[in-house]
Amino acid sequence: ARYKRRHHELHNLMLLLTLVSCIGYMSMAQGHGRMYRYVVNDVRPYNLVRFCKNETNASSSPTPSPSYVNLSGAESCDDGVIAFKWNAANATVTSVALDPPLFYGKYVQWIVTTNLILFLLSDQVAAAKVSVTLFVMFCNTLMILCGYSAASLRPEGIDADSRPRFLTSKWVFWIFGMMFYVLLLNALNRSVRRAASRRKHLSKAFNQLFFVITMTWSLYPFLWIACEGARVMSFVAETYAYTALD
């Protein structure tokens, strides 16, 4: 069959989608796109200052508030306590890779590839309005960003008092991501499906593609819970699972 010129655009988009996925996986395999946390080591303070600490009780304040007066030379502190403080410090900052690893490149790759898939489905197959296509892609982008924000909240290196707040924020981001996913599916099932029904020759193709996307993409939240969420899967198993779904 003759190669139709009107399909050039679709084929180019599919080629772009494949290339982005391949480049993303090759980059992550080489260690690129990996998230690090920064640890402060070897703190060396300098510029020591001698000052006098006085307890003053203002008439308008029921509790005493300390005041600080810098002392120069051999100046004495008659009404307070002599103390010292460092005005500056030098420190060495070291970047440490998260363990198990977290690749932000994976989320960047998803933003590009999944939005291309939704554009092909909504604009090229269903011929939906531009506003509908943009809304679907917007919900998809926010869903992925919420997933990345939740995955980046690791308790490693966080003090015990702040860990409950970190874990709460983590699952709040995940819930927000699921809300955007529900909005995404609702827009595909209603607005985009309504547009596809007007194209009789492509209506069946849209229904099949929508079913595949719904079934496969709905597995990602459960896989996220098992991997980044509860950490019940090893990093190797996580990599194989995400690769198979992608």
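Student: Why is Ala127 called partly exposed?

Tutor: Ala127 has a relative accessible area of 41%. Buried means under 20%, exposed means over 50%, and partly exposed is the range in between, computed with a 1.4 Å probe on protein chains only. The value for Ala127 falls in that middle range, so the residue is partly exposed. This is a predicted model in which local features need pLDDT of at least 70 and side-chain atom pairs count only at pLDDT 80 or more, while totals for chains, interfaces and linings use all residues. Residues are numbered from 1 along each chain as its sequence is written, and side-chain values use heavy atoms, with hydrogens and water left out.

Student: Where does Ala127 lie, and what is its phi?

Tutor: Ala127 sits in the loop between α2 and α3, just after α2. Its phi is near 55 degrees, a positive value in a residue other than glycine. Most residues other than glycine have a negative phi.

Student: Which relative accessible area and which phi does Arg231 have?

Tutor: Arg231 has a positive phi of about 55 degrees and is not a glycine. Its relative accessible area is 28%, which makes Arg231 partly exposed. Arg231 is in the loop between α6 and α7 (235-245).

Student: What counts as a helix here, and how many helices and strands does the protein have?

Tutor: Helices (H or I, at least four residues) and strands (E, at least two) are DSSP runs, numbered from the N terminus. The protein has 7 helices and 3 strands. Along the sequence they follow the pattern α-β-β-β-α-α-α-α-α-α.

Student: How do you know that the length of α2 agrees with its number of residues?

Tutor: The expected span of a helix is 1.5 Å times one less than its number of residues. The 22 residues of α2 should therefore span 32 Å, and the end C-alpha atoms are 31 Å apart, which agrees.

Student: Why are α5 and α6 called roughly parallel?

Tutor: Helix α5 (residues 200-217) and helix α6 (residues 219-229) pack at an angle of about 10 degrees, with their axes 5 Å apart. Axes are lines fitted to C-alpha atoms, for helices over the stretch in contact, and angles run from 0 to 180 degrees between N-to-C directions. Angles under 35 degrees count as roughly parallel, over 145 as roughly antiparallel, 65 to 115 as roughly perpendicular and the rest as oblique. The angle therefore makes α5 roughly parallel to α6. Met215, Thr216 and Trp217 in α5 meet Leu219, Tyr220 and Pro221 in α6, where meeting is contact, with heavy atoms within 4.5 Å. By class, this contact has 5 nonpolar, 1 polar and no charged residues. Ala, Val, Leu, Ile, Met, Phe, Trp, Tyr, Cys and Pro count as nonpolar, Asp, Glu, Lys and Arg as charged, and the others, Gly among them, as polar.

Student: What makes the packing of α6 and α7 roughly antiparallel?

Tutor: These two helices pack at an angle of about 170 degrees, with their axes 11 Å apart. That angle makes α6 roughly antiparallel to α7. Residues of α6 including Leu223, Trp224 and Cys227 meet Glu238, Ala241, Tyr242 and Leu245 in α7. The contact of α6 with α7 divides into 8 nonpolar, no polar and 2 charged residues.

Student: What makes a set of residues a nonpolar core, and how many residues has the largest one?

Tutor: A nonpolar core is a set of buried Ala, Val, Leu, Ile, Met, Phe, Trp, Tyr and Cys residues joined through side-chain atoms within 4.5 Å. The largest has 34 residues, and those with the most contacts inside it are Leu184, Leu188 and Phe206. The elements giving two or more residues to this core are α2 (104-125), α3 (130-152), α4 (163-197), α5 and α6. Helix α4 gives the most, with 8 residues. Not counting residues up to four places away in sequence, Phe206 touches Leu121, Val125, Ala126, Leu188, Val192, Arg193 and Ala196.

Student: Is Thr214 buried or exposed, and what does it contact?

Tutor: Thr214, in helix α5, is buried, with a relative accessible area of 15%. Leaving aside neighbours within four places in sequence, Thr214 is in contact with Tyr181 and Leu185. Leu185 is in helix α4. Leu185 and Thr214 are 29 residues apart in sequence and 7.6 Å apart in space, C-alpha to C-alpha.
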